[in-house]
There are 2 protein chains.
Amino acid sequence: MLLSRRAQRLTSSVIREILKVTEQPDVISFAGGLPSPQTFPTEHIRAACDRLLTNDPSASVQYGPTEGYTPLREWIAALHRDRGADVSAEQVLVTTGSQQALDLLGKALCEPGRPTLVESPTYLGAVQALSLSEPEFVAVANDSEGPDPAELARLAVPTTSFFYLIPNFQNPTGRLIGPARRKELMRAAAARDLLLVEDDPYGQLSYSGASLPSLLSLDPGHVVHISSFSKILAPGLRVGYVIAPEALTRKLVQAKQAADLHTPSFTQRIVHEIVKDGFLDQHVPKIRELYAQRCQVMLDALARHLPASAQWNRPQGGMFIWVHLPPHIDAEELLQHAVKAKVAFVPGSSFYVSNPVASTMRLSFVTVSPEKIEEGVARLGRLIKERLFP
Amino acid sequence: MLLSRRAQRLTSSVIREILKVTEQPDVISFAGGLPSPQTFPTEHIRAACDRLLTNDPSASVQYGPTEGYTPLREWIAALHRDRGADVSAEQVLVTTGSQQALDLLGKALCEPGRPTLVESPTYLGAVQALSLSEPEFVAVANDSEGPDPAELARLAVPTTSFFYLIPNFQNPTGRLIGPARRKELMRAAAARDLLLVEDDPYGQLSYSGASLPSLLSLDPGHVVHISSFSKILAPGLRVGYVIAPEALTRKLVQAKQAADLHTPSFTQRIVHEIVKDGFLDQHVPKIRELYAQRCQVMLDALARHLPASAQWNRPQGGMFIWVHLPPHIDAEELLQHAVKAKVAFVPGSSFYVSNPVASTMRLSFVTVSPEKIEEGVARLGRLIKERLFP
């Protein structure tokens, strides 16, 4: 068995390895990226299955078009038009989770040696998916507002495949890019004719319900938009989508056909059956409320238990808080002790393609009860203080 | 937008293009590769959804392990052990249709310039999936028994990624490789330490119910086995699997994680819920009976309407008949006229990686009623005879 070069370099996600360790029920885990199962509308899913298999049983489980189930594509296009983006259903490709959109973009646009720009830190799963196309990853420096537009303009070259970013409540940092910075980034992209890949799994999870214009709505000719139903319905359905300029969508469809023919007809139809009559308008506010509460519990616990030299953001949405520990604390080393103390998180160093900051960590609060959040953060606080004042 | 080299060479499947033309209800289409919707156990699927969403609702739609739903992996391993293959659940990876297994194998084992051996003709979708890894395709010559083992031994070199073949009721030819030829092929593979990729979507569709030993059961160390539930349950669930030597399975799991995290938890659990208590033992014989009847109707019609100089096989299972027209008839040209006469098929030339035989065609009979099979073959017969005796 002679592995390909890229397969030799493949590794399993650090996060998934940590998750295996922390699967025991007595571990308080802030390491996951899973949505809270409390938010899954399982009764609506059951009713949707029932209707589909009563009214249109064969088509619901027969092969379907690679592009996706037409009414779902139309629904997605209409949603984005409502949000001010000038897009048509022909630009929408339904994918097997938004993760697959990254794999397809890698196949269509990345190539060994060609630069691909990413945030620093960035979503690990995107790096994994794109790595199979062996691009040269280049990190764009961030300030607290988001990626630096001047740096973006400096780093973009004619062979750059694209700049990958998560404007809303980023994984791992929870950071939201504000309206002015969005426009500056789009101006820099347009000036260099650079494609931006806007990954938006968390955009609907704004705690206030307010939302900012998508990059797609600002300049659809320079933006590929990726999103999914994983965080607002249920991730185990694996229904995501990508919206791209039409010529690129056609290539992505060809790559998708080779990859898995199409996303399951059945799960696509379930999603459409649930969302078509406005269900999300009542459902998503409940998720926002739950996550906002838990976020506040964690922020309060961090203020109580972490030393004054630690810093963290106050997310306005999403699932993550990003902590800067005192600079000489190595979060990977801390994790070893944390696991023994039955609490887990993801060391921030996993999220960098270069120059990792070892004293950072990502905390997820959405699947943990308020009592356990308090207890878990207290344990972390003790471990950190032991390291500061041994 | 700068496309990657491989994306520039991507094209859409010829078959899917033909299918678009033939979607009008008045066309008699022998072009499809779809199973008959009559065979979908939609009432069982409905009941399974209901049980899953009542008994274990959250886990059924939450993220799951990349490897697949453990009870389904165990069921698949037990099935293959019952068929004489010494395999464990750790070797099984559940995929989003068996098509995805081909994409993952390409990523793990193929590389620009490295040879990949295929049958001649072979399954077009496999060529599409593997093409993204830019291998050098090499066709192994066939006789009526299957690929020539001496030719296989001659063509295999140390850098060959694998030999891809469909031993049971091949797509496109419907050919079954007999027991002696299987052993000869495995001997040739073992002698060269060559990996064989055994794609087996149709193995259960033997009209007599008899089955031959899988290549996997003959030599699990030299075989990757791919199969799916698409032809025995329903393709729109997109549940397939790959069984490989453990070290390779681990690499395929990493590639799968990057590709789509995992196959939908929900469709995997539906499949498991249906198959776990022996449902297929009663269900699959009904599919065999339907397909055997329709195959016979088409064979009778071919004998009645095609000229004596045309030849075709008598399949013992599966979904396809392969026709050799008189040598000077070009099936692609014939198709243009056939579509006007409201009958369609797939020209055989699409299925070759080199030296296409232009006078061949693939006919699928499983979704067409007996009356329409008779009428469609009669139309084809007239068109062919017009070309022979203009």
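Student: Which residue of chain A comes closest to the rotation axis?

Tutor: This is a predicted model, where local features need pLDDT of at least 70, side-chain atom pairs count only at pLDDT 80 or more, and totals for chains, interfaces and linings use all residues. Residues are numbered from 1 along each chain as its sequence is written, and chains are lettered from A in the order in which they are written. Going by C-alpha, the approach is 3.4 Å, and the residue is A:Cys49.

Student: By what turn can chain A be laid on chain B?

Tutor: Copies are superposed by least squares on the C-alpha atoms of residues with pLDDT of at least 70 in both. The RMSD is 0.0 Å, the shift along the axis is 0.0 Å, and the turn is 180 degrees. The two copies are therefore related as by a two-fold rotation axis.

Student: How many residues of chain A are in contact with chain B?

Tutor: Contact here means heavy atoms within 4.5 Å. Chain B puts in 76 residues, and chain A also has 76.

Student: Which residue of chain A meets B:Arg46 in a salt bridge?

Tutor: A salt bridge needs a side-chain nitrogen of Lys or Arg within 4 Å of a carboxyl oxygen of Asp or Glu. The rule finds four of them across the interface of chain A and chain B. In this one, N to O is 2.7 Å, and the partner of B:Arg46 is A:Asp50.

Student: How much area do chain A and chain B bury between them?

Tutor: Buried area is the accessible area (1.4 Å probe) that two parts lose on being put together, summed over both. Carbon and sulfur atoms hold 58% of it, and the total is about 6,400 Å².

Notes. Heavy atoms only, no water.
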